[in-house]
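Please look through the sequence and the model shown here before reading on.

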Amino acid sequence: MTYISDGDTFHLITASGEKHKIRVEGIDCPETSQAFGLEAKEFVMKEIKGHEITVRTSTTDRYGRLIARVLYQNKDLSQELIKNGLAWHYKFFSKDSTLANLEIMEREKKAGLLQSKNPIAPWEYGKYSTQ
């Protein structure tokens, strides 16, 4: 059972009833109020809701969320979000060269959120929305 908060965060209830808040590792999706934010959330819902997923936890963030790679149907959710133009590689927290290279390829294709001349990354969005 899962509840999707947004493109990079969801709540997971395991088969044994444990509840976890998961932050998808290595990426950052647009906020739901940004362009492609709702599309990212819907993509994650379509991809993982009701499917068996594997969560490989690496650490916990300052909000108590488990930072994890999410694997399903031989796919990596971080990679799939970038491939579909719905996330940035979150370079500040991740040195994953695969994610970095996927973002470069998607920038060249101008996929999804990268089709704008000056897309605003979520980590910058909060700075502008409060001014």
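This is a predicted model: local features need pLDDT of at least 70, side-chain atom pairs count only at pLDDT 80 or more; totals for chains, interfaces and linings use all residues.

## A network of charged residues

Salt bridges link Glu-25, Arg-69, Asp-76 and Asp-96 in a network.

## Other salt bridges

The count of salt bridges comes to 12. One of them joins the side chains of Asp-61 and Arg-65 at 2.6 Å, N to O; Asp-61 counts as buried because its relative accessibility is 18%, and Arg-65 likewise counts as buried because its relative accessibility is 15%.

Another salt bridge brings together the side chains of Glu-103 and Arg-107 at 3.0 Å, N to O, and these two residues both lie in helix α3, four residues apart, which is about one turn of the helix. Glu-103 counts as buried at 3% relative accessibility, whereas Arg-107, with a relative accessible area of 38%, is partly exposed.

## The nonpolar core

The largest nonpolar core has 22 residues, and those with the most contacts inside it are Phe-10, Ile-27, Ile-48, Ile-53, Val-70, Leu-77 and Leu-81. Two or more residues of this core come from each of β2 (9-13), β3 (19-24), α1 (37-48), β6 (66-72), α2 (77-83) and α3 (97-109), and α1 gives the most, with four residues.

Leaving aside residues up to four places away in sequence, Val-70 touches Phe-10, Ile-22, Val-24, Ile-53, Thr-54, Lys-75, Asp-76 and Leu-77. Among these contacts, Asp-76 also belongs to the salt-bridge network with Glu-25, Arg-69 and Asp-96.

Technical notes. Residues are numbered from 1 along each chain as its sequence is written. Side-chain values use heavy atoms; hydrogens and water are left out. A nonpolar core is a set of buried Ala, Val, Leu, Ile, Met, Phe, Trp, Tyr and Cys residues joined through side-chain atoms within 4.5 Å. Buried means under 20% relative accessible area, exposed over 50%, partly exposed in between (1.4 Å probe, protein chains only). Contact means heavy atoms within 4.5 Å. A salt bridge is a side-chain nitrogen of Lys or Arg within 4 Å of a carboxyl oxygen of Asp or Glu.
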